Amino acid sequence: MKIAKAVNRLGTEAVYNIFAKTKQLAKEGKPIIDLSLGQSDFKSPKHAVDAAIKALKDGHHGYTLPNGIIECREAVSRKIKNLYRATIDPERIVIMPGGKPTMHYAISFFGEAGAEIIYPDPGFPIYESMINFTGAKAIPYNMTDNKDFSMNPDKILSLINEKTRLLILNNPHNPTGGFTEKNVIDILAKGLKNFPNLVILSDEVYDRLIFDKKEIPTLLNYPDLYERLIVLNGWSKTYAMTGWRLGWGVWPEKLIEHVFKFCVNSHSCVNTPAQYGAIAALEGPEDHLNNMMNEFNKRRKLIVEGLRSLKGVECSMPGGSFFAFPNVKKTGMDGEEFTKACLEKAGVAMIPGTAFGKFATDNVRFNFATSTENISKAIEKIDKIL
Ligand SMILES: Cc1ncc(COP(=O)(O)O)c(C=O)c1O
């Protein structure tokens with residue numbers, strides 16, 4: 001068997017390895033507090049579940065158009081209008097099986113040997129993996145430069161050259177929980193005017209998981225960029241619907257025919273009843289989201305307080321998402337050693353910063369979208385081994 005070289009250049013997400021290890025340890029009778037996963041402990045909103053069941057009962061069992069049913073694309077367009085006052089034609093919206101395929105497609109469209117793609121490090125591992133797959137050169141920008149893990153626009157702009165095809169942004173940011181404010185995005189958007197051939201992929205999948213009554217400075221509020229802007233979003237995080245595999249992308253008009261072809265050549269269309277559940281999630285009451293965010297806010301404070309109480313651990317307050325990304329250098333361990341010690345001696349699972357790139361060697365990622373009991377117990381156990 002001779003596998004194509006590009007396949008060997010693909011990376012993965014370490015979270016799946018840790019997931020397998022925690023399951024194995026649990027099987028051996030060593031219960032683990034798992035703070036490694038990238039999803040919350042909330043169930044999806046009931047009105048979304050009911051709408052998907054109804055769609056099945058009503059006979060919505062066939063294929064749909066590759067870009068999604070028009071009702072779902074219109075619902076996304078309305079939501080964008082209501083939330084961000086931006087007008088996006090439903091024909092520019094593509095419903096996807098999750099948020100991930102939008103990054104897979106965008107990176108595939110612009111990556112090839114000789115091209116450069118700029119991405120955040122630490123960052124969602126699939127950015128770098130997909131860039132390497134295409135043969136393009138992966139150019140990281142360091143997200144640990146600022147203490148609050150916000151973006152540094154001057155540094156990002158300084159990496160752009162004539163080979164750069166695509167710039168990837170992620171706000172709020174996984175794995176750091178960093179949030180970049182509008183004044184910073186303004187500087188970035190202004191600087192991007194000097195590079196009219198550069199395409200921007202803005203991953204805004206955590207756009208509704210922002211604390212302290214702040215609102216995302218979505219790139220959708222910069223219409224000057226529309227001809228070269230791809231926005232990734234979806235239902236996974238906002239509505240606790242990770243397993244439904246539902247996402248949407250906003251694309252420049254010029255790229256829609258190519259997205260269409262990619263859909264036809266891969267998944268044909270998104271699960272039909274799920275698209276009806278997706279509409280209900282967007283159009284239904286937001287108590288579920290508000291309740292979840294109230295809980296996340298309590299948990300955020302609890303975990304940051306707990307981490308700061310540990311000897312040698314420093315932690316900034318996450319502005320968005322459900323991740324805390326403390327620095328553990330002063331414990332005498334780096335992120336990987338700390339992760340190993342916590343898993344094997346304290347029975348607490350997390351992810352080392354190195355799973356997200358090469359810069360965050362002294363950090364670890366905790367998911368705080370779990371019960372307050374779990375968080376308190378995890379801190380207690382780590383405190384003991386330290
Ligand atoms: C930054 C970021 N982008 C995209 C995704 C993918 O989301 P989905 O599960 O909808 O594919 C994730 C999931 O963890 C993420 O953290």
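How many nonpolar, polar and charged residues does the shell around the ligand have? The shell has 2 nonpolar, 9 polar and 2 charged residues. The model shown is predicted: local features need pLDDT of at least 70, side-chain atom pairs count only at pLDDT 80 or more, and totals for chains, interfaces and linings use all residues. Residues are numbered from 1 along each chain as its sequence is written.

**View A. Residues around the ligand.** Around the ligand lie 13 residues, a residue being near a molecule if its C-beta atom, placed from the backbone, lies within 6 Å of it. Gly-98, Gly-99, Lys-100, Asn-174 and Ser-236 come nearest. Ala, Val, Leu, Ile, Met, Phe, Trp, Tyr, Cys and Pro count as nonpolar, Asp, Glu, Lys and Arg as charged, and the others, Gly among them, as polar.

View B. The strands run in the order 9-12-11 with antiparallel pairing. Strands (E, at least two residues) and helices (H or I, at least four) are DSSP runs numbered from the N terminus; two strands pair if DSSP finds at least two bridges between them. Strand 11 and strand 12 (residues 364-367) are joined antiparallel over 2 bridges. Within strand 12, Val-364 is the bridge partner of Pro-352.

**View C. Contact of helix 12 with helix 13.** The axes of helix 12 (residues 335-346) and helix 13 (residues 372-385) come within 10 Å and cross at roughly 100 degrees; axes are lines fitted to C-alpha atoms over the stretch in contact, with angles from 0 to 180 degrees between N-to-C directions. The contact residues divide into 5 nonpolar, no polar and 3 charged.
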